Amino acid sequence: MEAVIAVVALLFVLLVALGVYATVKVVGAAKRGVDRTIHQARRTVEDTTLKAKSYTQPGAAGELAQLRLKLRTSMRATQDALQAAVGEDESLRESLSLFDRLSTHGHELDRELKRLETEPDRSRLSAALPEMRERTDQITKSADALRWAARDRAHRFANDDLDSLSLQIDMEAGALRHWTTEAGPGAQDPAGAPSSASTASAEPAKDGPAPWPAPAGPEGRAGAQEQTWPAGGAEPAAPAIAPPVARPTYSWEKKPRPESTT
């Protein structure tokens, strides 16, 4: 009895632990989903604000907004392209690690640009703009190079696979049409028409002697075994009308009755 109680208690503890673990997992997934949604919403709002500033604010403030928007767009596009392609091409792991190092410089530059947006001294802001512009161009150029290299690599692999597939399909199509390669002067046409060689083989030979036809009837069969070709190999001419052959009569055969007229 005590063993049964212990087993039931152990099962209850396991069920409780499993329920707690599942609850933690569900809560964690929900929290990550909420955080992801909040991050995407915040990023969308920030990008929309930067676009509005780049169009509405003249001078250094508008240029800072354009630099931030350019930096964020390039880095985000490169990150999405590399993360999507690394699952199919493991050689892009090194490119992804290089991009992570580049992202450190990109985040640092974005924070500096964001601090300069609130800089009250316009002269210092104008003096810092050339350096910010140069660093932004350098980082975005490197990010674009990684992104386009990954896309060109994927495009090249797709073209190579398509060329190989087309070659295999051509070989298979040629194997299915094997008669076009094996057909010679004496082959048969695929439509079913016999070729010249098969037609020639089907016709009887005209140079050699034709077999002697055996006459019908028992006498003909018996006489055919003793017939030979005449001298010279020429076939004797058959008579135009064969003479009637008399049928032998036997004593045990019944005589035919005359037809009655009644």
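Helix 3 (residues 93-116) and helix 4 (residues 122-176) have axes that come within 10 Å of each other and cross at roughly 160°. Angles over 145 degrees count as roughly antiparallel, so helix 3 and helix 4 are roughly antiparallel to each other. Keep in mind that this is a predicted model.

**Helix 3 with helix 4**
- The crossing of this pair, helix 3 and helix 4, is left-handed.
- On the helix 3 side, the contact residues include Phe-99, Leu-102, His-105, Leu-109, Leu-113 and Leu-116.
- Helix 4 answers with residues including Leu-125, Met-132, Arg-135, Ile-139 and Leu-146.
- Sorted by class, the residues of the contact of helix 3 with helix 4 come out as 11 nonpolar, five polar and three charged.

**Helix 2 with helix 4**
- Helix 2 packs with helix 4 at about 20°, and their axes are 9 Å apart.
- That angle makes helix 2 roughly parallel to helix 4.
- Helix 2 and helix 4 have a left-handed crossing.
- The contact of helix 2 with helix 4 has 16 nonpolar, four polar and eight charged residues.

**The largest pocket**
- The largest pocket has a volume of about 500 Å³.
- It is lined by 18 residues, and the closest to its centre are Arg-43, Arg-72, Arg-76, Gln-79 and His-107.

Methods: Residues numbered from 1 in each chain as written. Predicted model: local features only at pLDDT ≥ 70, side-chain atom pairs only at ≥ 80, totals over all residues. Heavy atoms only, no water. Axes fitted to C-alpha atoms, helices over the stretch in contact; angles between N-to-C directions. Helix = DSSP H or I, 4+ residues; strand = E, 2+ residues; numbered from the N terminus. Parallel < 35°, antiparallel > 145°, perpendicular 65-115°, else oblique. Left-handed = near helix turned anticlockwise from the far one by under 90°. Contact = heavy atoms within 4.5 Å. Nonpolar A, V, L, I, M, F, W, Y, C, P; charged D, E, K, R; others polar. 1 Å grid on protein atoms, 1.4 Å probe; cavity = no way out; pocket = protein on both sides within 12 Å on 5 of 7 lines; lining within 4 Å. Points joined across faces, edges and corners; volume = space filled by probe spheres on them.
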